[in-house]
Amino acid sequence: MRRLLVIITIAMLISLIAVAYAQTNQVYFKFEISSRQELVSLTRIISIDNVKDKTVYAYANDKQFDYFKTLGYDYTILPSPSSLISPRMADSREAILEWDSYPTYGEYVSMMQRFESDYPGLCIIENIGYSVEGREILFAKLSANVNIEENEPEVMYSSTMHGDETTGYVLMLRLIDYLLSNYGTDPQITNILDSMEVWINPLANPDGTYHGGDNTVEDAIRFNANGVDLNRNFPDPDEGPHPDGNDWQPETIAMMNFFNRHSFVISANFHGGAEVVNYPWDTWPQRHADDAWFIQISREYADSAQTNSPPGYMTDLNNGITNGWDWYTIAGGRQDYLNFWKGCREVTIELSHIKLLPPEQLPDYWDYNRAAFLTYWEQAYYGIKGLVTDASTGLPIAATISVIDHDIDSSEVYTDPDVGDYHRMIEPGTYDLRFTSPGYIPLTVYGVTAIFRNATVVDVQLQPVPDEPMLEFYAHDAGVVNAGDTVSMSITLINNGGGNAYDVNATLSTSDSFIDVLQPNSTYPTIIALGGTGTSYTDYQFAISSDCPDYYLVDFQLDITASGGYSDTSHFDLLVGDRVTIFADDFSFNQGWIGLGGPAEWTIGVATGGQGSDSHGGPDPALDHSPSDDNQVLGNDLNPESGGDYNSNISTTYWVTSPIIDCTDYTGVIMTYYRWLGVERNQYDHAYLQAFNGNNWVTLFENPSTTIDESSWNEKIFDLSSIADENPDFQIRFGLGTTDGSPRDSVIFQVTLNTDSLPPGDYSSSINFTSNDPDTPTGSIPISLHVLAPSISFSLDAITDSLYEDSLSVHDITIYNSGEGILFITFSSEYSWIGFDGGPYYITPADSAILQVTLDATDLSPDDYSGSIDFDSNDPDSLSGNIPVTLTVMPLSPGCDYVPGDINGDGDVIGNDVTFGVRYFKGPGSAPPDSCWNDSNGSWLYSAGDANGNCHFTGSDVTFLVAYFKGHNPEIFWCPQTPPAQPAISSRNNKLKR
Ligand SMILES: [Zn+2]
């Protein structure tokens, strides 16, 4: 009988594998690079797994691999790491508890559920969402009083986001069991669960791990079921929301929603394929503000693992630790996402060289890491911590804690708004801390000392801001205006003060003689405090004199009044004069610049960032300024390995000179360029920008008698009308030199300055001559010219989507140029719900660019909408055209019967609701009577209590409600997934005196 069962199981497995392979193909391969700079672009094309010296190990799905093959590398295809063994699988709880096999998917899920039922006061299992194929993504929450939110740091582990890196999967499952079964007997574990809130997710990518079917981890893959590397799919601090060009996957969205609901202090993301602790940043070369602290905690983890293992374990790279960028850069990793946006300190820990570890070795790797797993979390005890509360109500505040002159690149931390607690782990030293929160007066605490392996407690109370408005200019809608126009425009004001602004009036004026204000007055709606905006009821009107020059800046003044005797003045600028682009260069290729190379090392090449090997100046740019994806710039010494600095002892000025730009047909020429300049003062070194007026070179810029040390792109604008107008021979040139004996940083430019060119096609003409040759007194030389044509195509012919009300979606359209000439293309749309960057885009032959399109249903009511994105290009076969867009806006699911903010359910939103909420959270009070089932997170929600609209009812809703009564919040929000059947307005009618 048993034999028969086995046979059936195998037959089912085979069919599952066949189906799964049809969906996702994965290639694992290696190749050699000649320079580490190649990694910066390769990491955006394929999924790099490891880099050893100049050998790169990588994964690719079919599409990525097809593209990689066009790059011309010699590569070797390697066997998939999970195809090398047939691991022993455990299909019973008893077998898993030996910890020397991999669980089947079903046993994994049931084991997680058993943890909750066996340890009800200590463990809750939370399903945070589902994978592409519908498998569960599970977290175990472990803490004494696990059902109560306490003043405790939240700590987190997650593993196997790469489905074929399975060591951490079993070790995390075992860690949960180990914590639960030793609570109350082991003092270290008891202390951790008594004083922390622990979250463990053993399996972040179940579809990848069970790619071969639910009953085996053989044939596991790195990617999810859509062929996407989940550790490249998060928003990136450097590259924006979709660094990999893919939509956020269901697994990614589930994680991001989960992080939004929590306030994690420290975490780790477990992987395999190496043995090393990888600390931030992965995406760029600059160091984290807490670099020294990250090195220390990474070192402690690796030291502990080394102590508990045979020689050689956890010793990769710098004896078991590495900075992420130094190893190899990635964009879209979860580590940088949590560090940059969520105030959490996350590292990436690679647990075993072998990805699919033979299961009989799992107990050894448990022994190596068991102690380090626990001590890593204990870092959360140390540093500076405390509570941030409202000075008048004592309620917790959602505050930001910044360390002055220390925090950079979003290294600030935040309070847990449910309790108000914060935990700022930091290297020992003395610091000044600044506490800020909207609606409160910022507070700085000076001279706080952090001691090694100690906690310094700093509790603060913040005072609400005074109830007075502060109105300023925010925006106008005048658009492009030209000399001779009569312009109507609305003006929007912003209220940055703490009190609402009623009866607002603003008068427009200017002392500019080219401007005649015709309609200077408007009233405004009530503008609520703390960032509220309001737009003028009546349009302002003014006339621009026809004598007004182009590119002329007008200074306008607004005199603003509001009730209660408030008055203030605000200024804004408006530019007169429309523009035509005549020449642009993003340096994606050389358009004809001469003078490259030489002692000044003028280079058109990829911006690679880096500080250089010496200490001169700030970092160079890691990204260019243009929207195209080539990342190329013009600069000096773009190679970070040779220092990134310009040379010393340059004996004369070396120039790099643009092609001739024919400005015959133009007047009022303006040049804009972007600069990232580091140069010593002109006593030592020299940098120039000059323009050719037809006879002489005119200096537009030379470095002054002070050092310039820029660390970001700076826009520079020059009015060149006296030099370039109607000039057929216009040119610009950048110069470097002389320099003295000490070099400094580099000089990098990106120019935007364009010229018209002949449209693609065939041209023929001739040169006629006359001569004194009696045989040929006249004649002609025929000339034919072929201007190369681009050829355009798009990855999508149309966009079709459906969205719920109040949501948006993002779509990437790749623009390909398969022709011979450079493609120029611009996009426009008359539909306000379709958003994108209209360009112009310049795409070289055989290259591509991405048009990112946002569909915004925020202001649309449920219905079907059709629109289009129109384009104009220089492709003779498609001079213009459009991409149709259809959007269905769906109503939100029907809601529940409740009044938002009416926590106690008596129909009114008044102070009693705050008291009711506080009593509930403190213990003695009962739960709110109104609740709804919330599909999005599969739990009951006390809907009326969710005043801040985050789909949870917590202490921060009470804070929010208090702020609402005080007039700091404009309205009460409700959870978008469970909107109230009764409109929210019913609560606003009951609003109390402010
Ligand atoms: Zn990995």
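**Reading a predicted protein model**

Reader: Under what value does pLDDT stay over residues 743-747, and how many contacts beyond four places in sequence does the model have for them?

Author: The pLDDT, which is the predictor's confidence in each residue on a scale from 0 to 100, stays under 50 over residues 743-747. For this stretch the model has 39 contacts beyond four places in sequence, a contact being heavy atoms within 4.5 Å. The model is predicted, so local features need a pLDDT of at least 70 and side-chain atom pairs count only at 80 or more, while totals for chains, interfaces and linings use all residues. Residues are numbered from 1 along each chain as its sequence is written, and side-chain values use heavy atoms, with hydrogens and water left out.

Reader: What is the average pLDDT of the protein chain, and where is the pLDDT below 50 with 13 contacts beyond near neighbours?

Author: The average for the protein chain is 84, and 88% of the residues score at least 70. Over residues 1-23, however, the pLDDT is below 50, and this stretch has 13 contacts in the model beyond near neighbours in sequence.

Reader: How many helices and strands does the protein chain have?

Author: Helices (DSSP runs of H or I, at least four residues) and strands (runs of E, at least two) are numbered from the N terminus. The protein chain has 18 helices and 55 strands. Among its contacts between residues at least 6 apart in sequence, 71% join residues at least 24 apart.

Reader: What share of the protein chain is buried?

Author: Buried means under 20% relative accessible area, exposed means over 50%, and partly exposed lies in between, with a 1.4 Å probe and protein chains only. Of the 994 residues in the protein chain, 51% are buried. Two residues illustrate the terms. Thr104, in the loop between strand 6 and helix 5 (105-118), is buried with a relative accessible area of 6%. Its contacts, leaving aside neighbours within four places in sequence, are Met89, Ala90, Asp91, Tyr210, Asp214 and Asn215. Asp503, in the loop between strand 25 (491-495) and strand 26 (505-509), is exposed at 61%. Apart from residues up to four places away in sequence, Asp503 touches Thr561, Ala562 and Ser563. The C-alpha atoms of Asp503 and Thr526 are separated by 6.6 Å, the two residues being 23 apart along the chain.

Reader: How many residues does the largest nonpolar core have, and which have the most contacts inside it?

Author: A nonpolar core is a set of buried Ala, Val, Leu, Ile, Met, Phe, Trp, Tyr and Cys residues joined through side-chain atoms within 4.5 Å. The largest has 69 residues, and those with the most contacts inside it are Leu142, Leu175, Leu179, Val198, Tyr301 and Trp377. Helix 6 (residues 167-182) supplies the largest share of this core, ten residues. A second, separate core has 33 residues, including Ile604, Tyr646, Val679 and Phe718.

Reader: How many salt bridges are there?

Author: A salt bridge is a side-chain nitrogen of Lys or Arg within 4 Å of a carboxyl oxygen of Asp or Glu. By this rule there are 22. One joins the side chains of Arg424 and Asp407, at 2.7 Å from N to O. Arg424 lies in strand 18 (residues 421-424) and Asp407 in the loop between strand 16 (400-403) and strand 17 (413-414), so the pair ties together parts that are 17 residues apart in sequence. Arg424 is buried at 0% relative accessible area, and Asp407 is buried at 13%. A network of salt bridges links Asp49, Glu165, Arg222, Asp229, Arg232 and Lys355.

Reader: Which protein donors does the zinc ion have?

Author: Donors are N, O and S atoms within 2.8 Å of the metal (3.2 Å for Na, K and Ca), and sites may look incomplete because water is not among the atoms. The zinc ion has His162 (ND1), Glu165 (OE), Glu165 (OE) and His271 (ND1), lying 1.9 to 2.7 Å from it. Glu165 is in the loop between strand 9 (154-159) and helix 6 and His271 is in strand 11 (residues 264-271), so this pair ties together parts that are 106 residues apart in sequence. Both Glu165 and His271 are buried.
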